[in-house]
Amino acid sequence: MAWFRAASGAARFALRRNLARSAHHRHVARAGAGPVPQPLLQPGRGFHSTQPRHQASPLPPRPVPLSRLSDSFLDGTSSVYLEELQRAWEADPTSVDESWDNFFRNFVGQAPTSPGISGQTIQESMRLLLLVRAYQVNGHMKANLDPLGLEEREMPDDLDPAFYGFTEADLDREFFLGVWRISGFLSENRPVQTLRSILERLKQAYCRTVGYEYMHIPDREKCNWLRERIETVKPWEYSRERRQVILDRLTWSTLFENFLATKWKAAKRFGLEGGETLIPGMKEMFDRAADLGVESIVIGMPHRGRLNVLGNVVRKPLRQIFSEFSGGTKPVEEGEGLYTGTGDVKYHLGTSYDRPTRGGKRIHLSLVANPSHLEAVDPVVVGKTRAKQYYSNDTERTKNMGVLIHGDGSFAGQGVVYETLHLSALPNYTTGGTIHIVVNNQVAFTTDPKSGRSSQYCTDVAKALDAPIFHVNGDDVEAVVHVCELAAEWRQTFHSDVVVDIVCYRRFGHNEIDEPSFTQPKMYQIIQNHPRALTIYEKQVLESGQIFKDDIERMRNKVNSILEEEFINSKDHVPRKRDWLSAYWAGFKSPEQISRIRNTGVKPEILKRVGEAIATIPENFKPHKAIKRVYQQRAEMIETGEGIDWAVAEALAFATLIVEGNHVRLSGQDVERGTFSHRHAVIHDQETGEKYCPLDHIIMNQDEEMFTVSNSSLSEFGVLGFELGYSMENPNSLVIWEAQFGDFANGAQVIFDQFLSSGEAKWLRQTGLVVLLPHGYDGQGPEHSSGRVERYLQMSDDNPYVIPVMDPTLRKQIQECNWQIVNVTTPANYFHVLRRQVHRDFRKPLIMMSPKNLLRHKNCKSHLSEFDDVLGHQGFDKQGTRFKRLIKDQNDHKEIEEGISRLILCSGKVYYELDEARKTTKRDDVAICRVEQLCPFPYDLILRELKRYPNAEIVWCQEEPMNMGAYFYINPRLYTAMRALGRGSIEDIQYVGRPPSAATATGFSSLHVQEQNEILQKAMQPEPIKFPI
Ligand SMILES: Cc1ncc(C[n+]2csc(CCOP(=O)(O)OP(=O)(O)O)c2C)c(N)n1
Ligand SMILES: [Mg+2]
């Protein structure tokens, strides 16, 4: 015991803590909080392990030095054993084994009752506990997980009883093994067992075809829950009926792939062969989930096995799958609107169906379309699931669930997996648990796991969370089904993530035309002779005597004949209206159907009312005094209508949308306060720390989540993907992601490239997601200056040399473009561009370079009258009050101004600097127009301004380097507009801005100031600019 004492500060601390609390525990136990513990030992019952060791065994036990115990017995979880024992002892010293009684007596300084035997038995009990725990922690290392038997794993020493000094002679001795309130082997149900039977049960539970990893979960209740299900007295077994269903499902999965392989021999389909048990696993998981209350599942998955999942799990009609396989005819639309986008390969498309379950329910399944970029869809699925929960009032998060399928290589390698996992428990991002299934075929294209990851398992990343991980041999379909069901139960019970790792193989190459033996010759020699999971299972059920050969034949014939029938039907299959408008999107227009342009001004009385609400702090709330001042100023702005700033304009946009019944969600790093300390959407009581968010109190009984503003984890890819998924669920929402600085958005580049800019064209799914990218040159250096507007502009798909129809009644310019890119310069225009996102019959992503120094700029203010819809007010144009795509010169110019010698077109905050420079240089002959909407290019307004200044030199001025900013986007489009008016060629567009540069900006602030001044001087220079050509 000395070794234990000396080395166990942590355990002693735990014990002392418990002793101090023992009175309380006794009270709880007796007060009936749970069943009163019964003594472990019944009087008169023999308990052999307490006998002197020499009577039972010829060999004396050899103490094991602590230094040799690889498992930390004294870590948080193992100290739980001691705590439990000790509580039981505290309640009743006779309730624990005599040896423990002595131990605790020793510990608290009482005399042991039987000093002669205590030393030995304590060691034995402890060693046995360590052995059990070693199996719980490391049993998976000995489990039979690899169907190919290729795995070479080093067996941990601590799974060997000899490691603890046990010998053959100990196998039939009985040992005490019971601990209060610990389930499984350590429960008191069978406190006395022989070492042989303990070992057998340990192996049966932990070392067959499932390897459980769960001891990293610190929560005792969760561990107990799993222990109860793992350490069962008898192994689980399925009934005949269940086996029939499992066989049927595996038959479908296997024959489906066979069928595709014979019909389309040379087609790439990324088959599931080698991992066919995924399909029965998923189906049983979904059935179990439905039994437990899940009504809708959002699925994300990569290429591998996707067609099989679509056909067999989601139940996309087989004839449609086959028809798409045969050539992917573009669908014929009914009625107006022929928009079909550019399409995508068959293994990327998404779909959704209602599927009946084994338990007689119906479950809605949607498979989200995804790009080739592995794992990129993960956060999108989670975001969509969260939105579904919001819209179905699923506050418990038990009706809507996300399921992600992964490959082993991508799960271990792609960072977005980690970013997504880390959203899982954040209050504004949680979905109550995602189920992850890894189709672990032990290879990634041609790369072996040892070259592809540093961790032992491909799933180790999930251990960063308290997620249990079930590794399962993919050849054992019943084991796959079992853990899939267990995963569903876990998710519905603990509302957190869980991982199923199906260890399988890939029967063919990476795709069907790939030769795998080039790189994995040994593996493929084994695979060649390896039976299919279906063959293995058929043999197993035949041997069980529960299912007969005839049944199997019948099942196979039925599946094959349906596949054939559907194949024949697929030849006449006419694709109908694309299913791109899901439930909430009815009535929304495709890019080819005209959507009326609407005004976005709001009635003055509503503006006043919501304005008061956003500026009000409850009386007993004690904000920081600077914040109090900010709110007082906000109240004054609303009161007087004067000097509305950026933050108030934004809050007004949110509040008015909420009044109209829309959901508003803003997320990103530090968005609650705002990176630039301007928003203060959430304020903090300086005494209590309590939070208050005025926008939560705009309408009566406002739903808590109707307005959501949330600081996010420090992730771009994960969070932007999440918000994108969120935005796709329901169009009646304004969903915004704000980057800390626009510079950081490239961490989420895959979402921009693969989803936002091209998702509608590829998958016919719309989103009105708004992305705010703080941008502007104010001397903060190369990583805090540029939102890289050039990247987004380059990806826009409007033809630079064609002026589209611009007539307001026929205009579809925005609908036809892949996204909108703006750089807005007034609070009122910001208000309108946000409202415009929702006030139209289509949705389109909005990329916005948002300001930094304009947030507090003295001239960057709007009047409340610019927000309303009153005729004659400042914002009221010919058509009414709406977003201004271009802001004309503010000097009240007439329709034609022949005296203007230079027209400067610019975008963003440089406008204010140019305006100032114009004043100081008194260049009244210079006109400055702000292109607020860069993309799609506002040809009509540009033409209007070109006509207004017939004699002007035309200048594009930007503060970004020449190879950045909007220059390369503007140039051909401005030229197209000029050509339409006979106003010269591309050489007549003059450039004022920084020269080309590798870095976005200088890191020297003095150089920044100098560069900025040069730009302004040049823009106002008296002589013609004549640059760059
Ligand atoms: C982000 C990304 N990088 C690279 C690729 C190219 N690629 C396609 S499949 C694949 C291997 C995937 O391996 P794994 O995740 O194990 O899935 P498996 O194909 O084995 O099912 C690779 C590297 C990709 N699709 N996405
Ligand atoms: Mg793989």
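Q: Where is the place of leucine 810?
A: In this predicted model, leucine 810 sits in the loop between α27 (789-794) and α28 (813-816).

Q: Why does leucine 810 count as partly exposed?
A: Its relative accessibility is 47%. Buried means under 20% and exposed means over 50%, with partly exposed in between, so leucine 810 at 47% counts as partly exposed.

Q: What makes the nonpolar surface patch of about 250 Å²?
A: Ile594, Val805 and Leu810 make that patch. Membership calls for over 30% relative accessible area, and leucine 810 has 47%.

Now to the ligand.

Q: Which residues around ligand 1 are the closest?
A: They are Arg304, Ser372, Asp408, Gly409 and Ser410, out of 15 residues that surround ligand 1. Helix α14 (residues 408-413) gives the largest share of this shell, with three residues.

Q: How do you know that a polar backbone atom of glycine 409 makes a polar contact with ligand 1?
A: The cut-off for a pair of N or O atoms is 3.5 Å. An oxygen atom of ligand 1 lies 2.8 Å from a polar backbone atom of glycine 409, so this pair is a polar contact. Serine 410 has a backbone N or O atom 2.9 Å from a ligand oxygen, and a nitrogen atom of ligand 1 is 3.1 Å from a polar backbone atom of leucine 374. Taken alone, ligand 1 exposes 580 Å², and the protein buries 74% of that.

Q: What makes up the shell around ligand 1, by class?
A: The shell has nine polar, four nonpolar and two charged residues. Gly is counted among the polar ones.

Conventions. Residues numbered from 1 in each chain as written. Chains lettered and ligands numbered in written order. Predicted model: local features only at pLDDT ≥ 70, side-chain atom pairs only at ≥ 80, totals over all residues. Heavy atoms only, no water. Near = heavy atom within 4 Å. Polar contact = N/O pair within 3.5 Å; in protein donor to acceptor, adjacent residues only side chain to side chain. Areas by Shrake-Rupley, 256 points an atom, 1.4 Å probe, with all protein chains shown as cover. Helix = DSSP H or I, 4+ residues; strand = E, 2+ residues; numbered from the N terminus. Patch = residues over 30% accessible without salt bridge, like charges linked within 9 Å, V, L, I, M, F, W, Y side chains within 5 Å. Salt bridge = Lys/Arg side-chain N within 4 Å of Asp/Glu carboxyl O. Buried < 20%, exposed > 50% of the residue type's maximum accessible area, 1.4 Å probe, protein only.
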